[in-house]
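Welcome! Please take a moment to look over the sequence and the 3D view, and then we can walk through some of the details together.

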Amino acid sequence: MSTSSTNELKFRDSVDLMFNRAASFMDISPKLIEKIRVCNATYTVRFGVKLRGEVHTFTGYRAVHSEHKEPVKGGIRYSLDVNQDEVEALAALMTYKTALVEVPYGGSKGGLCIDPKAWDEEELERITRRFTFELARRDLIHPSLNVPAPDMGTGEREMAWMMDEYRRLNNTNIDNIACVTGKPVHLGGIEGRVEATGRGVQYALQEFFRHNDDKKKASLRGELDGKKIVIQGLGNVGYHAAKFLSEEDGAKIITVIERFGVVRNPKGVNIEKLKQHMLSGEPLADFQGGTVTNPDPTAICDACDILIPAAMEAAINMDNAHSIKAKVIVEAANGPVTAKADKILRDKGVFIIPDMYANAGGVTVSYFEWVKNIGHIRFGRLQRRNQEAKNRELIEALETQGGLKFTKSFKSGFIEGANEIDLVRAGLDDTMRGAYGNIKAALIAKPELEDMRTAAFYVAISDIALHYRSIGL
Ligand code: NAD
C-alpha cells in the first residue's frame, strides 16, 4: 500500500464505510445489514515446502465473505503485502461485485504471502500445488463451493497448476476442471478471459461516454477519441485496458506509471511497444517511445481527462487526493481510492467509476468459463455454422430477389457465425451496459445516493437482502 497517512482507515474498514453509507439509505433492518456486511469465515494456513535444501514456511488465506450463493468466487493473489484484512476486504468486494453484475456467486478471496519473483518456476509450482492441497482438503477450492481465479501476481500458469492438483485429488468428479477459472484455453479456459478485466474497463468507459448527463457531471465533452489518460500499472488489467482504449477508441495514454518508473508522451504512449519492452527485461529508462523518469509519486496527479489506477489498493489517498487533476477516475484496481480520498474527490467533483463495477469484467468472463466447464462444450459449437447458413441464405435472397449487391468483404463479415471470443465479448459488453443501467436507475429512484459508488453498493445490497428475505432470514 502506498498510503503514508496514519489517519487512513484500514482497507476492510474503508470498504465497510462505503457499504454503510449506501446502507444508511435503505429500509432494511440493521441486523440484516450486519449479516450482509460481515465476513463469514477466513481460513489461515501455514505450510512448509522443502526448497533449496531447507524447509520454508508459507502463510496463505482464503476468506469467504458471503455464501448466500454458491460457489463463492474470488481471485488468489501472490504478494508479500497479503494479509487477513486485505483478503477480507477483497472478498467483501467480490460479494457486492457479483451481485451488481448479476453473476450467481458469493464472494471470496485468497492470497499467499510470497514474492513470486523470488522463486523459480519449478519452485513456484511446488508451492502452488501444496497451497492447493491445503485449500482442497477444506473444500476451499471446489467446483460447486469455492472457485478461485487469477489476481495480482498470479495468472493462467498458476490456475493450470491448481486445476491439475485438484483434479488429481478428485479424479471421479466429472466437473473437476471447473474448480478454478482463468485457466489456459487448451486446459478448459475460455477465449477472452486473460483480457477480460481490461476489456470490461474499456466497456465501462464506453458506456460512460454514452451518458451525456454523466459526461456533464465530469465536465467532459465529446467521445473517448482523443481523451488524455493516465494509467497506473501495466500488468494484466492495466495493459489490456490501455491497449484497447488507445488502439480501438483513439484515447491517448499520456502517462504510464509503473513500479520502476514513469513513461510520459503527450502524443500517446504506444502501449504494445512499451509492454514488449518491459517483457524484454531491458531497463525502462531505455524505452524510446516517451520521456522516462524514476518512480514519481506525483505522476498520478498529472493533468488528464481520465485516470485509471490499475495496480494496487490505496494508490489515491489523503496525501494526493487534493492534487488529482483527472475529471474521471476509473477504478480498474480493487480499492485504489481510500474512503477518505473518496470524500475529498467527491467534494472536488471528480466522477468516480467504482471498482465494484469497473473491474467486474474478470469475474463475468470467469462465470462464462465455469458455465462452459460444467456444460462440457465450447460456446458457439452448436450454433455457429447454423447461424452462418441462415445469414448466407438471407444475403443470397436479398441479392437474387431484392436486387441488392453487397461487397465481398461485407458479405464475409456478415455471414460469419459467432465464435467463442465474439460471444464472450458480447456477453461482457451486455453485462457492463446492464450494470451501468441498474446503477443509473438507482440514482434516478434515489437521487440522495449522489454518486456511482454509493448507488452500486445500494444495488448490490438490495439484491443480497432480497435473497436473504426470500429464504426467511
Ligand atoms: P498484475 O500483477 O498483473 O499487475 C500489476 C501491475 O502493477 C504490475 O505491472 C506491477 O509492476 C504494477 N505495480 C505494482 N506496484 C506498483 C506501483 N507502486 N506503482 C506502479 N505500478 C505498480 O495484477 P493485475 O491482475 O493486473 O491486478 C491489478 C489490480 O486489478 C489489482 O488490484 C487486482 O485486484 C485488480 N483486479 C484484477 C483482476 C484480474 O482479472 N487480474 C480482476 C479484477 C480486479
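## A residue in a loop

Is Glu 450 buried or exposed? Glu 450 is exposed, because its relative accessible area is 54%. You will find Glu 450 in the loop between α15 (420-445) and α16 (452-470). Its backbone is worth a look too: Glu 450 has a positive phi of about 70°, although it is not a glycine. Please keep in mind throughout that this is a predicted model.

Ser 219 sits in the loop that runs between α7 (212-217) and β6. With a relative accessible area of 53%, Ser 219 is exposed.

For another kind of backbone detail, go to the peptide bond from Glu 70 to Pro 71. This bond is cis, and its omega is near 5°. Pro 71 belongs to the loop between β2 (54-66) and β3.

## Ser 79 in strand β3

Follow the chain into strand β3, which covers residues 72-79, and you reach Ser 79. Ser 79 has a relative accessible area of 12%, so it is buried. A polar atom of the Ser 79 side chain lies 3.0 Å from the backbone nitrogen of Asp 81.

What does Ser 79 touch, leaving aside its neighbours within four places in sequence? Its contacts are Leu 112, Cys 113 and Ile 114.

## Helix α8

Now turn to helix α8, made of the 12 residues 236-247. From its first C-alpha to its last, α8 reaches 16 Å, close to the 16 Å expected at 1.5 Å a residue.

Why can α8 be called largely enclosed by the rest of the structure? The reason is that 10 of its 12 residues are buried. Among them are Val 237, Tyr 239, His 240, Lys 243, Phe 244 and Leu 245. The buried residues of α8 pack against the helices α6 (196-209) and α9 (271-280), and also against the strands β6 (228-232), β7 (252-258) and β10 (306-309).

Phe 244 has a further part to show: Arg 199 lies over the face of the Phe 244 ring, at 3.6 Å from the ring centre.

## Around the ligand

The ligand is surrounded by 22 residues. Which of these are the closest? They are Arg 77, Asp 151, Thr 197, Glu 258 and Asn 334.

A polar side-chain atom of Thr 197 lies 2.8 Å from a ligand oxygen atom. The backbone takes part as well: an N or O atom in the backbone of Gly 153 is 3.3 Å from an oxygen atom of the ligand, and a polar backbone atom of Gly 235 is 3.3 Å from a ligand oxygen.

## Aromatic rings

How many aromatic pairs does the model hold, if ring centres must lie within 6.5 Å? The count comes to 14 aromatic pairs. In one of them, the ring centres of Phe 208 and Phe 209 are 5.2 Å apart and the planes stand at 90°, so this pair is edge-to-face. Phe 208 is buried because its relative accessibility is 0%, and Phe 209 is buried with a relative accessible area of 5%.

Phe 406 and Phe 410 make a stacked pair, because their ring centres are 5.3 Å apart and their planes meet at 25°. Phe 406 counts as partly exposed at 22% relative accessibility, and Phe 410 counts as partly exposed at 40%. Elsewhere, one aromatic cluster is formed by Phe 47, Phe 58, Trp 119 and Phe 131.

## Gly 261 in strand β8

Our last stop is Gly 261, in strand β8 (residues 261-264). With a relative accessibility of 0%, Gly 261 counts as buried. Leaving aside its neighbours within four places in sequence, Gly 261 is in contact with Val 256, Leu 284, Thr 293, Asn 294 and Pro 295.

How far apart in space are Gly 261 and Ile 306? Their C-alpha atoms are 20 Å apart, while 45 residues separate them in sequence.

Conventions:
Residues numbered from 1 in each chain as written. Predicted model: local features only at pLDDT ≥ 70, side-chain atom pairs only at ≥ 80, totals over all residues. Heavy atoms only, no water. Phe/Tyr/Trp six-rings, centres within 6.5 Å; stacked < 30°, edge-to-face > 60°. Buried < 20%, exposed > 50% of the residue type's maximum accessible area, 1.4 Å probe, protein only. Lys NZ or Arg CZ within 6 Å of the ring centre and 35° of its normal. Helix = DSSP H or I, 4+ residues; strand = E, 2+ residues; numbered from the N terminus. Expected span 1.5 Å × (residues − 1). Contact = heavy atoms within 4.5 Å. Near = heavy atom within 4 Å. Polar contact = N/O pair within 3.5 Å; in protein donor to acceptor, adjacent residues only side chain to side chain.
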